[in-house]
Amino acid sequence: MIDPDRPLLFLDVDGPLIPFGDPPPGGYPTYRSPYLPSDTAPAGNPLIARVDPELGPRLLRLPAEPVWATTWLEDANECLAPWLGLPRLPVVDWPVDDTDTPDWPDGPDGLHWKTRALVEWADGRPFAWVDDEITEADDRWVAAHSPARALLHRVDPRRGLTEADFTALDTWLRTV
């Protein structure tokens, strides 16, 4: 259930939660989830083991309503939410074309294909958007078209969410 008095926190998965790209020396760390039985393997995607399960409680401590903003769609609730100890979250349904795929690619104006849909989904509520593909074009467009305050927070996909990212998000969300 969405609390209309809190800002939204739109969460992408690949990049912010699942680090990818050139791995750090020694490779990416892998985790076991304390929220699942010890004999339970990551569900749905072998990269889920890269997701630090402690991100879940940290996301819930942020003063915002988390919403999946990912092409994982409902799979984020099926695979990631249990791994992270999260409840089922609302999911942004992306605009689709005649082939039933998200409205790819980014537009000729340089906007990410998610940008317009997230402003529409927020429906006038303040929001923070966490993604690894946000650009200055998205910042400018949201500043010009969102009736509420918004923070577009780009995460380094090789590292995923870091302490600095959580600090920036928490600081901004507490000003809304």
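Two strands pair if DSSP finds at least two bridges between them, and strands themselves are DSSP runs (E, at least two residues), just as helices are runs of H or I with at least four residues, all numbered from the N terminus. Keep in mind that this is a predicted model: local features need pLDDT of at least 70, side-chain atom pairs count only at pLDDT 80 or more, and totals for chains, interfaces and linings use all residues. Residues are numbered from 1 along each chain as its sequence is written, and side-chain values use heavy atoms, with hydrogens and water left out.

**View 1. Four strands make an open sheet in the order 2-1-3-4, with parallel pairing.** Strand 2 and strand 4 (150-154) stand at the edges and have a single partner strand each, so one side of each is left without a neighbour in the sheet. On average, neighbouring strands of this sheet are turned by 20° against each other, direction ignored. Axes here are lines fitted to C-alpha atoms, for helices over the stretch in contact, and angles run from 0 to 180 degrees between N-to-C directions.

**View 2. Strand 1 (residues 8-11) is covered on both faces.** In a regular strand, side chains alternate between the two faces of the sheet. Here Leu8 and Phe10 lie on one side and Leu9 and Leu11 on the other, and all are buried (under 20% relative accessible area with a 1.4 Å probe, protein chains only; exposed is over 50%, partly exposed in between).

**View 3. Strand 1 has parallel partners in strand 2 (residues 65-68) and strand 3 (residues 127-131).** Four bridges join strand 1 to strand 2, where Phe10 has Val67 as its bridge partner and Leu11 stands opposite Trp68. Four bridges also join strand 1 to strand 3, and there Leu8 has Phe127 as its bridge partner.

**View 4. Helix 5 (residues 163-173) lies across strand 1, strand 3 and strand 4.** Helix 5 runs at about 180° to strand 4. For contact, heavy atoms must be within 4.5 Å.

View 5. Rings of Phe, Tyr and Trp (its six-membered ring) pair if their centres lie within 6.5 Å; planes under 30 degrees apart count as stacked, over 60 as edge-to-face and the rest as tilted. The structure holds three aromatic pairs. Elsewhere, Phe10, Trp121 and Phe127 form one aromatic cluster.
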